[in-house]
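Here is a short report on a two-chain model. Please read it alongside the sequence and coordinates.

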Amino acid sequence: MTAFLTTIIVLFIAVAIWQMVKIFDLAQLGASNDQVATDKDNKLNGYLMIGFLIFIYAITIACFIYLGDQPLVSNSASEHGLEIDSLMIISMVVIFIVQIFTQFLLHYFAFKYRGEKGRKALFYADNNTLEAIWTFIPVIVLAGLIIYGLFTWSSVMNIDESEDPIIIELYAQQFNWKARYAGEDNTLGMANVRLIDIDRANILGLDESDPNAQDDVITTELHLPVNRPVLFKMRSQDVLHSAYMPHFRAQMNCVPGMITQFGFTPTITTAEMRLNPDIVEKVANINAIRADKKEEIEARGQELLYEFDYLLLCNKICGKSHYNMQMKIVVETEEEFNAWMSEQKNFENSLIN
Amino acid sequence: MSEHAETHTHDDHGHHHHKETFVTKYIFSQDHKMIAKQYLITGVIVMGIIGILMSLMIRMQLAWPEKPNVLFEFFLGKWAPGGVMDADIYLALVTIHGTLMVFFVLTAGLSGTFSNLLIPLQIGARDMASGFLNMISYWLFFLSCIFMIVSFFVEAGPAAAGWTIYPPLSALPQAQGGSGAGMTLWLVSMAIFIASSLLGSLNYIVTVINLRTKGMSMTRLPLTIWAFFVTAIIGVISFPVLLSAALLLIMDRSFGTSFFLSDIFIQGEVLHYQGGSPVLFEHLFWFLGHPEVYIVLLPALGITSEIIATNSRKPIFGYRAMVMSILAIAFLSTIVWGHHMFISGMNPFLGSVFTFTTLLIAIPSAVKAFNYITTLWKGNLQMNPAMLFSIGLVSTFITGGLTGIILGDSALDINVHDTYFVVAHFHLVMGISALYGVFAGIYHWFPRMFGRMMNKNLGYLHFWITAISAYGVFFPMHFIGMAGLPRRYYTNSNFPLFDDTTNAQVVITVFALIGGTVQLVFLYNFIRSIFYGKKAPMNPWKSNTLEWTAPVEHMHGNWPGEIPHVHRWAYDYSKPGHEDDYVPQNVPLYDGEEELQH
């Protein structure tokens, strides 16, 4: 019945729009109308072009005011994130200058040179100097961006083993994350999904005979000591996932059958970040929005009050619950980290015999 | 379209003439103009409506997540129990929307319509090199549409692994429902689609090379033809690679091979696959996938070049540079695919190489944009709806293209990869731009296709509301992406972190609904004008190209008498020494007239 009523309503709306358009259409009939733009049309649309230019600028400004405080270009919580942020800001500045300038020329010319009967356009087919100018200016600007970008990329992707990074495996499965710490030897034990033995709680498929595996620690929360380089080894047991840690400007796909890696150094603890004025403001804003939707949120069984936490998200389509595949990241001081770690069970002791 | 075409007998050019029946004229037609119309109706109109409807449902889900919606209940049936959209079907909608828009609407629909219509007419040919292949190409396309539509109705749902169908998600029915029969049908449909596309492309290439009329040298070709020609070449180079990827995926899915799969534990069991790599699939997919962007975009840019020149009453600025940049874009497009894979786990050094080649594409793109702008300068702009859509295309091409500088930069891509920033970028630069190209082309060549004019005022209404909605939808989306919101999330209600983007989601959806609804104005205008539009004169836009020298009524062989000869390039608008502000290509140079060296 609902479906039937919906059909009728949709049908009526369609008919109504059709009729309105038809009235609009028929109202034009009187005028001599060969459906080719007249001077009047040119004038109207010329002015609308200027209006549209203003609209583009307005929406740009509105976006910056209402959405411009997003965290991805500020408050990076990792060392390399600062480099990425400054590259991002420089690229953004270049883009916005070009955008504002070219959109102006395009729409202003469309307005300025709107057609009039009897005027003849300038026959101007070519100019090699102009072509050279707008070939070489982009070449120079892009050369700068490319070189800057490549230096940043190699510094981000370069993993310096000599800094003694703490080695952590990020293990992805539909639809959750696990972290595996390498333990005291800082060497991850061998693992393969063929060795998974759910009955014995060997959920990541560690090689039980590998001595390096014995002290590995498997957790469902990711804790990181601040200012210590971390080297993540990513693994997936089923489909592609992507370990996305936006606050740290870090992302790498988790690919079944291979181990991928990404390294960074967290620089701000969760506690410190919560005190950051930008984050305080953002959290207050979010909580105000959440307060408006109180019933809905409580019906979902979620906490009403939001508190800032770093997150690891899945960012590669991985199936039905892709939208809810996350893990909390806690960045803390070395002491807090060690205290937390000492509470965790190592692999040897977590097996069910 | 009318009875005259059927009864014409003045076939004095020796063209073979059969008695036409309804079936040979409207269904199994070998005439390029009829095939163009078939592509237009099937590819652009029907598949376009389905694709847009899907996008609106996606948008409504994102703005009002997990809320009952009568439209969901109506369109999705069992997938929206009580009107609340299911997470599985959300991914299916995303997947099929992408597939339909990229392949069916903007590849087959766009090239199929305008390459078919314009290549023979603009180069001065009686028809395509092979009318029969052309017909087969359309019917294979039709068949692939049928398979794709059938896949909506299978028990476990249509393909839902994203339009990029990365394995293992797309390979394992255990991983998601859509990877069962739905994915099989998707792959079969795409395999047929690729066959159709290849036949079409080969035909276009051969026709452009062999069937140009006397005097139509390559340097006198209209830019539309250059764009279609180069597009067809890119298609022939890259589509077979996707076909091979699809075939290997079919092997993995159905015959137990391990091309793309290895070490998989799913739903409590270890699968036998060993030694394959999903990254290999990504390489194969994007070897087509990136050129595909230009397969979609170049024809739109070609159409725009033609329309902007005609309506500016000025030669296109820098013809030679325009051709060069089309060729440069085409060449570069085949060596940049890795920028979709910076964080796929491939060697970071490759990332550097692909960053370099990718950012190079900005150079020919910038040349094109500036040439369009300079063409407007000191013109006498005739603001026909086609012209508005062309200017709109340049605008979205710039806005969308610029963010490519961020996404193409491997270091920056780390953080915006697969967020809404990407969604905003590619929708503007290839989605909206190419759609504007389609609309511009329809408004401009409607008189040539149907012998009637479309209503211009409805065209203006259509353009302005569409233009505002397009920016309203995709501009704020960049900022949501910069907040780190991943794409393809059914809802972000499990992430309080993103709660401050929810208002923007609603605004975007409202713009999308307005933009979607206003397409009904276009649909009305299109359908009504076919039957009741004002009869078109032979050359309504006072254009130079050859298609406007052919009679309004369609006929086999295009021209009743001899094929016109070409004496000049296509852009002699407002040329000094001529009374009119246009000089068609078939008008000989007068004594002492200088032809521009192009």
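How many residues does the contact take from chain B and from chain A? The contact takes 119 residues from chain B and 113 residues from chain A. Two residues are in contact if their C-beta atoms, placed from the backbone, lie within 7 Å. On the chain B side, H16(B) supplies the largest share, 13 residues. By class, the side of chain B that touches chain A has 71 nonpolar, 33 polar and 15 charged residues. Here Ala, Val, Leu, Ile, Met, Phe, Trp, Tyr, Cys and Pro count as nonpolar, Asp, Glu, Lys and Arg as charged, and the others, Gly among them, as polar.

This is a predicted model: local features need pLDDT of at least 70, side-chain atom pairs count only at pLDDT 80 or more, and totals for chains, interfaces and linings use all residues. Residues are numbered from 1 along each chain as its sequence is written, while chains are lettered from A and ligands numbered from 1 in the order in which they are written.

**Chain A**

The secondary structure of chain A comes to nine helices and ten strands. Both are DSSP runs, numbered from the N terminus: helices are H or I with at least four residues, strands E with at least two. The radius of gyration of chain A is 29 Å, well over the 20 Å from the globule rule for 353 residues, so chain A is more spread out than a compact globule. That radius is taken over C-alpha atoms, and the rule is 2.2 Å times the number of residues to the power 0.38. The C-alpha atoms of chain A fill a box of roughly 90 × 70 × 40 Å along the principal axes. Of the 353 residues of chain A, 38% count as buried. Buried means that 20 or more other C-beta atoms lie within 10 Å of the residue's own; exposed means 12 or fewer, partly exposed in between, with C-beta atoms placed from the backbone.

**Two helices**

The expected span is 1.5 Å times one less than the number of residues.

| Helix | Residues | Length | Span, first to last C-alpha | Expected span |
|---|---|---|---|---|
| H4(A) | 128-157 | 30 residues | 42 Å | 44 Å |
| H16(B) | 456-482 | 27 residues | 39 Å | 39 Å |

Buried residues of H4(A) include A:Trp134, A:Leu142, A:Gly149 and A:Trp153. What covers the buried residues of H4(A) includes helix H3 (79-112) of chain A, and helices H10 (319-333) and H13 (385-407) of chain B. In H16(B), 20 of the 27 residues are buried, so H16(B) is largely enclosed by the rest of the structure. B:Gly484 follows H16(B) and has a positive phi, near 95 degrees.

**Domains of chain B**

An automatic or database assignment sets the domain bounds. Chain B has domain 1 (22-260) and domain 2 (293-542). Their centres, taken over C-alpha atoms, are separated by 19 Å. The contact takes 40 residues from domain 1 of chain B and 39 residues from domain 2 of chain B. H5(B) gives the largest share of the domain 1 side, 14 residues.

**Nonpolar core**

A nonpolar core is a set of buried Ala, Val, Leu, Ile, Met, Phe, Trp, Tyr and Cys residues joined through C-beta atoms within 7 Å. The largest core has 289 residues, of which A:Leu170 and A:Ala243 touch the most other members. H5(B) gives the most to this core, with 23 residues. Not counting residues up to four places away in sequence, A:Ala243 touches residues including A:Leu170, A:Phe232 and A:Leu312.
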